[in-house]
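Grab a pencil and work through a few exercises on a protein complex. Try each task yourself before you read the solution.

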Amino acid sequence: MNRTKNGSDEMELSRIDGILASEEPLMPSSGFLESVMERVREEAAAPPPIPFPWKRAIPAVLLTAGIFGWAAFELVRLGLPAAGSLAAAGSASLAMPHFSAAAMQPLEPAGWVALALGTSLLSWLLARRLAGRSGLL
Amino acid sequence: MNAAISAAEDLADVSRVLAGDVAAFEGIVRRWQGPLVNMAWRYSRDRGRAEELAQEAFLRAWRGLGQWRRESSFSTWLFALAANVFRSELRRFPTVTVPLEEAPEPSGPPTQHRTLSKELNRGAVRRAVLALPRRYREPVVLFYFHEMDLAAAARTMGLPEGTMKARLSRARALLRRRFPQLEAEHAEMEFGALNPGKEA
């Protein structure tokens with residue numbers, strides 16, 4: 001009885017093995033080699049990919065991380081007293097937590113909106129300037 | 001197949017390519033186009049797709065030639081890379097297969113058209129391999145591609161030989177269950193060969 005290579009003695013050859021092992025080799029088409037080499041030459045001739053500008057991006061990444069961190073800190077700072085007062089009142093109400101009175105002043109939200117708009121404008125200007133320097137704009 | 005291909009030639013061509021000689025890659029493609037197209041054919045059972053897959057594998061080899069550490073043979077590295085490419089490409093755009101239970105049964109005992117019937121049976125079994133569950137399909141494909149060299153197939157898949165053997169056994173059991181008729185024929189033939197004059 002036939003057996004496979006590498007001493008795998010348990011693997012006796014069956015009819016199915018015979019069919020799968022005896023396959024006629026497929027010849028690559030005549031243009032295959034040329035078509036592969038054409039693509040290789042194209043790749044070789046292509047300019048190297050532009051590396052990501054980490055040097056320029058790092059300040060923006062740090063700024064974004066700082067803003068998010070600060071926002072998270074502020075949320076926790078304003079939210080914790082509100083949650084504490086809810087717990088103290090023993091209220092099971094599903095209403096939104098009341099932020100501190102300072103945050104509810106009518107002028108306060110306008111300040112936040114202005115700050116957000118200013119940050120967006122700054123980041124847009126910065127992005128435009130960086131992209132302009134690299135010749136993209 | 002592989003033994004005939006010179007490792008020294010591969011090494012020389014790789015060194016030339018890494019030194020900037022693009023044309024030297026042609027030698028690599030010339031030597032390995034047959035094996036890679038055949039390997040892709042066993043993965044896809046579609047001639048056009050097999051050449052596309054093999055081409056993609058050569059391109060990845062071109063890009064990653066510097067990553068060949070020379071600890072293993074060039075063929076081992078190339079086959080492992082090609083297997084990865086075929087696996088990921090076929091996952092993105094699978095070939096049309098049917099579940100193993102729905103794979104066509106080979107025709108009955110051959111009568112008038114013995115050769116045709118044999119060919120149909122072979123085609124059915126080969127197509128059924130592609131209908132195996134994924135974890136069993138690739139061991140079968142690579143085991144028979146490597147001319148039943150379990151160690152080579154395991155190296156290509158990056159699996160321990162024991163795992164490869166276990167998956168292969170399971171796959172073969174599934175195929176045997178799917179094609180009991182072929183196994184019965186085989187048993188009869190063997191019985192006849194061992195006991196001439198007796199009936200099975």
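Predicted model: local features only at pLDDT ≥ 70, side-chain atom pairs only at ≥ 80, totals over all residues.

Residues are numbered from 1 along each chain as its sequence is written, while chains are lettered from A and ligands numbered from 1 in the order in which they are written.

**Exercise 1. Find the mean pLDDT of chain B and the ipTM of the complex.**

Step 1: pLDDT is the predictor's confidence in each residue, from 0 to 100. For chain B the mean is 84, and 78% of its residues reach 70 or more.

Step 2: For the complex, the predictor gives an ipTM of 0.76 and a pTM of 0.65.

**Exercise 2. Work out which element of chain A gives the most to the side that touches chain B.**

Step 1: List the elements. Chain A has 4 helices and 0 strands (DSSP runs, H or I of at least four residues for helices and E of at least two for strands, numbered from the N terminus).

Step 2: Count contacts, meaning C-beta atoms, placed from the backbone, within 7 Å. 24 residues of chain A are in contact with 35 residues of chain B.

Step 3: Two or more residues on chain A's side come from each of α1 (15-21) and α2 (32-45) of chain A.

**Exercise 3. Check the length of helix α1 of chain B, then find its buried side.**

Step 1: The expected span is 1.5 Å times one less than the number of residues. For the 12 residues of α1(B), residues 7-18, that gives 16 Å, and the end C-alpha atoms are 16 Å apart, so the two agree.

Step 2: Buried means 20 or more other C-beta atoms within 10 Å of a residue's own, exposed means 12 or fewer, and partly exposed lies in between, with C-beta atoms placed from the backbone. In α1(B), the buried ones are B:Asp10, B:Asp13, B:Val14 and B:Val17.

Step 3: These four sit on the same side of α1(B), because they cover an arc of only 100° around the axis (taken from the directions from the helix axis to the C-beta atoms).

Step 4: Their cover includes α2 (25-44) and α4 (74-92) of chain B. Exposed B:Ala8 and B:Ser15 are on the face turned away.

**Exercise 4. Is B:Thr76 buried, exposed or partly exposed?**

Step 1: Locate B:Thr76 in helix α4 of chain B.

Step 2: B:Thr76 has 15 other C-beta atoms within 10 Å, so B:Thr76 is partly exposed.

Notes:
Contact = placed C-beta atoms within 7 Å.
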